[in-house]
Amino acid sequence: PFQYDGLNLLLEQYLGLVFELRYQGYKYHLLIVFLLNTFDYKGATVIADYGHNPDAIAALTTAVEGMPAKRRSVVISGAGDRRDEDITQQTAILGRVFDDVLLYEDACQRGRADGEVLGLLRKGLDGAPKTSHVQEIQGEFNAIDTALSRLNAGDLCLILIDQVEEALGHIAQRVAEANAKQ
C-alpha cells in the first residue's frame, strides 16, 4: 500500500501548496493552487475564505503574511462543534500576523452557549504579539461591514466566512456599492 515517508508542506510563491511525497525511494512533488475569493475594496485587498480549523488558518496566515499590506485585519468566528483547543489555536495563530481581529458570533455556535465561542477566540489572543485591536460583534454581516468600514487603501482584510454563499454575496454587494461611489 502507498505510504507517506515524509509529507513536507511548503507555501509557494503563487499561493500554491507543494507536497513532497516519498514512495519506494522516489520523490514526487504535487502542486496545488489556492483559489481565493479576492476583492478590491477602495484600494484594500479583501480575501474571503471558509477556513475554520488550525491547519487552514495557518496556511491562510502564511499566504497573507507574504502579501504587501499597510495594516492587516481578520474577521473570524469559531465553529462551536470544534474542540476548545482548536478554537483557541485559530486566534493564537492569527494574533501573530494580524493587527486587528474582529470576532463575531452568529449561526455557527452549533450547540454552544451565547458568548462561549467568543470567549475561546478571545482566549487564543492572550499575549498576541501583533494584535492591537480586538472587537466582538454580533452577526456575520455586521462583522463584515465593520471590517470594511475600517479599511484604508493598501490594507488587507481576511474574512473567514461561515455562511459561504450569503457572505460572498454580501461582500460582492458592498464592493460594488463602493465602486459605484468612486
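Student: Is Ser 73 buried or exposed?

Tutor: This is a predicted model, where local features need pLDDT of at least 70, side-chain atom pairs count only at pLDDT 80 or more, and totals for chains, interfaces and linings use all residues. Residues are numbered from 1 along each chain as its sequence is written, and side-chain values use heavy atoms, with hydrogens and water left out. Buried means under 20% relative accessible area, exposed over 50%, partly exposed in between (1.4 Å probe, protein chains only). The relative accessible area of Ser 73 is 6%, so Ser 73 is buried.

Student: Which strand holds Ser 73?

Tutor: Strands are DSSP runs of E, at least two residues, and helices are runs of H or I, at least four residues, numbered from the N terminus. By that count, Ser 73 lies in β6.

Student: Which residues is Ser 73 in contact with, leaving aside its neighbours within four places in sequence?

Tutor: Contact means heavy atoms within 4.5 Å. With those neighbours set aside, the partners of Ser 73 are Phe 98, Asp 100, Leu 151, Leu 156, Cys 157 and Leu 158.

Student: What is the order of the strands in the open sheet?

Tutor: Two strands pair if DSSP finds at least two bridges between them. The sheet has 6 strands and mixed pairing. Its edge strands, β4 (37-41) and β8 (133-138), each pair on one side only. The order is β4-β5-β9-β6-β7-β8.

Student: How many bridges join β5 to β9?

Tutor: Strand β5 covers residues 44-49 and β9 covers residues 156-160. The two run parallel. Asp 49 stands opposite Leu 160 in β9. The number of bridges is 5.

Student: Which strands of the sheet does α2 touch?

Tutor: Helix α2 packs on the sheet, and its direction makes about 170° with that of β6. Angles run from 0 to 180 degrees between N-to-C directions, with axes fitted to C-alpha atoms, for helices over the stretch in contact. The strands touched are β6 (72-76), β7 (100-105) and β9.

Student: At what angle do α1 and α2 pack?

Tutor: Helix α1 spans residues 54-65 and α2 spans residues 84-94. Their axes are 9 Å apart. The angle is about 10°.

Student: Why is α1 described as roughly parallel to α2?

Tutor: Angles under 35 degrees count as roughly parallel, over 145 as roughly antiparallel, 65 to 115 as roughly perpendicular and the rest as oblique. The helices pack at about 10°. That makes the pair roughly parallel.
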